[in-house]
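Please keep the sequence and the model at hand while reading.

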Amino acid sequence: MTDSSQERDRQRIGELREQIQYHNNLYYAQDTPEITDDQWDALFQELKDLEEKYPELVTPDSPTQTVGAAAPAGGLPKVRHEARMMSLDKALRPEEINEFEARTKRFLGSGELKFHTMPKFDGLAIELIYDHGRLTLAATRGDGVTGENVTANALNISDIPRHLRTGDDLFSGADFPAHLTVRGEVYMEKEDFQRLNQSREEDGLSLFANPRNAAAGALRQLDPSITRSRSLKFFAYGLADPQATGFESYGQVMAALKTWGFKVESSEFTISDQDLTGVLKVFHGLEAMRENLPYEIDGLVITIENLALWSRLGSTARAPRYAMAAKFKPRLAETKVRDIDVQVGRTGILTPVARLEPVAVGGVTVSNATLHNQDELERKDVRPGDTVLVRRAGEVIPEVVEVVLEKRPVGLEPYKFPSQCPVCHTEAVRRAGEAAWRCPNPWCPAQVRERFAHFGGKNSLNIMGLGDSLVERLLADNLVKIPTDIYRLTLDQLKVLPRFGEKSAQNLLMELEKSKTASLWRFIHGLGIRHVGERTSQILAERFKSLKALEAASEEELTSLNDVGPEVAYSLEEFFNNPLNAAFLADLTGDELGIRPTVEEPAAGAAAPLSGQKFVLTGTMANYTRAEAKSRIQALGGQVMSSVSKETDYVVAGEAAGSKLTKAEALGLKILSEDDFTKLLAAI
Ligand SMILES: [Zn+2]
């Protein structure tokens with residue numbers, strides 16, 4: 001080997017470590033990865049290969065010797081794990097499954113091996129600690145040694161039991177251990193992910209790249225009510241110290257978890273006691289069927305069944321030797337960018353979209369891919385005429401992963417993001433702190449059209465027959481100007497429209513009549529206020545019961561609600577203060593059109609045991625900051641108000657409580673000490 005090639009490898013090792021650490025930080029600490037898992041795996045494999053070639057260059061801080069990011073991002077309190085939470089060694093080629101078996105046999109010196117298989121969930125690993133059967137701590141993996149305390153959020157995931165169930169005669173009558181550390185994966189089902197992104201798109205919010213990012217973002221919220229609104233799921237897959245519990249096989253651990261009340265993966269691909277042939281059969285079977293599972297997976301976890309062998313095999317610095325993750329081939333495809341278009345959304349956001357030569361990715365033909373925003377587009381430097389790799393992210397939104405630079409034609413000019421709205425040619429604006437450029441013209445035809453579509457859309461008033469082409473026709477003919485104008489349309493006006501006979505005109509009028517008594521939340525959502533999605537609309541409808549009351553609501557009343565932050569309150573204020581919306585609101589609340597929204601009674605559910613209860617916090621508590629106490633109450637459906645009134649249900653009084661306590665006493669309200677408050681939370 002020549003000195004110069006060795007020097008090159010040494011340099012490459014340094015580069016790879018830096019790159020991997022950079023991407024680890026984005027992935028683990030910020031939930032905003034810039035590269036796909038497959039690209040990360042390739043970098044990691046290259047580093048591992050080079051370090052095997054030069055063992056003397058391996059350092060303890062190399063990413064191959066550690067898991068994930070250096071430390072989680074600030075915000076949530078840190079937790080030190082009792083035992084390291086390791087990740088698994090990955091196999092990128094199926095042949096490595098055979099190598100794993102051969103290596104393990106060599107290490108053990110003999111014997112037949114039996115394996116347990118389970119799909120590898122593409123979610124977020126967490127640890128749950130139960131003391132005497134009660135959940136006392138939930139923590140993310142973080143760097144494997146220190147994670148983040150997400151207990152309040154975990155309590156909002158219905159798959160996570162708060163109390164363990166007692167097993168009948170489990171292992172000679174043994175109950176669950178007094179102290180139990182369970183590990184598992186928090187994930188989001190594909191359908192929930194799609195729904196979340198769809199409603200975010202409609203509300204002008206940025207989209208999540210894949211279900212794992214959405215799940216991670218939801219779990220690592222400072223506000224537990226956001227976790228609750230995102231329908232997260234959980235599968236348990238192991239214990240921190242299974243040998244200590246007296247189990248003999250991994251299959252027994254899984255059976256016990258199920259008995260104790262955990263949800264475990266139970267597809268035909270989760271099987272105990274298999275030989276190598278069986279494992280390979282499951283691997284190929286799962287790869288062929290991966291699209292059919294309701295959640296995202298990226299491979300198969302293969303674990304040695306016999307727990308006694310786990311102790312003998314032990315772990316490397318980074319991963320255990322008794323299990324591995326065999327990954328599937330990436331679902332990438334190469335195609336050409338025909339052009340880049342900029343779309344104008346309902347709130348004026350300009351989104352660049354790559355128009356592609358149609359290509360099949362994972363069984364679906366893709367001809368458009370999002371480029372998210374100007375920064376993303378420039379970072380990837382996609383140009384019309386480029387050859388690009390396209391990936392279906394979380395099987396939903398196709399996205400451009402990277403440009404294949406070797407195939408870029410000579411002289412291809414960089415794409416220039418337009419400085420004007422492509423539809424109305426108004427100068428675009430970009431607010432400080434926002435990634436998006438927007439068209440600020442509220443009468444921009446593209447925005448107006450999208451507002452109509454949103455108003456009549458499936459998640460708003462659901463007006464059948466009010467399609468895009470009809471809306472465009474009505475706008476072009478000046479028959480409507482604001483969305484409520486559709487209620488002024490007459491049979492005579494409608495029946496003469498092209499491709500619109502008397503019958504369809506009558507049907508549309510019937511639909512319109514029906515929509516006048518739709519649920520109030522549908523009207524609120526239909527207003528198209530930024531940051532006010534379906535769920536927020538439901539909360540607002542439940543609380544205020546009319547558009548007039550919502551319009552009159554103070555900022556304090558708004559922010560005291562679960563799920564309503566200052567950003568939403570500001571958007572509402574902005575909307576109601578905008579004179580352009582005056583006619584729209586007058587129509588919705590006035591007598592002329594006969595709009596009478598239906599107000600539904602709130603659904604009483606176990607998830608919101610404090611629903612409708614108003615709390616006031618005063619003084620300082622030893623074990624809760626004000627923000628923590630507030631988020632615990634809100635997570636259980638309660639409201640936190642800033643001042644005491646006759647309507648207050650509970651006043652939580654800590655040390656040195658002042659005038660609020662005096663007033664509460666004068667009004668004869670229910671007063672809770674910190675102890676009472678803790679008991680109230682524990683009783684729920
Ligand atoms: Zn415009």
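Which residues is A541 in contact with, leaving aside its neighbours within four places in sequence? They are L520, W521 and I524, where contact means heavy atoms within 4.5 Å. The model is predicted: local features need pLDDT of at least 70 and side-chain atom pairs count only at pLDDT 80 or more, while totals for chains, interfaces and linings use all residues. Residues are numbered from 1 along each chain as its sequence is written, and side-chain values use heavy atoms, with hydrogens and water left out.

**Zinc site**

- The zinc ion has the protein donors C421 (SG), C424 (SG), C439 (SG) and C444 (SG), at 2.2 to 2.3 Å; donors are N, O and S atoms within 2.8 Å of the metal (3.2 Å for Na, K and Ca), and because water is not among the atoms, sites may look incomplete.
- Along the chain, these donors are spaced as C-x2-C-x14-C-x4-C.
- C421 and C444 both lie in the loop between β16 (397-403) and α12 (445-456), so the pair ties together parts that are 23 residues apart in sequence; helices (H or I, at least four residues) and strands (E, at least two) are DSSP runs, numbered from the N terminus.
- C421 counts as buried, because its relative accessibility is 0%; buried means under 20% relative accessible area, exposed over 50%, and partly exposed in between (1.4 Å probe, protein chains only).
- C444 is likewise buried, with a relative accessible area of 0%.

- A541 is placed in helix α17 (residues 534-544).
- With 9% relative accessibility, A541 counts as buried.
- A541 and F262 are 279 residues apart in sequence and 35 Å apart in space, C-alpha to C-alpha.
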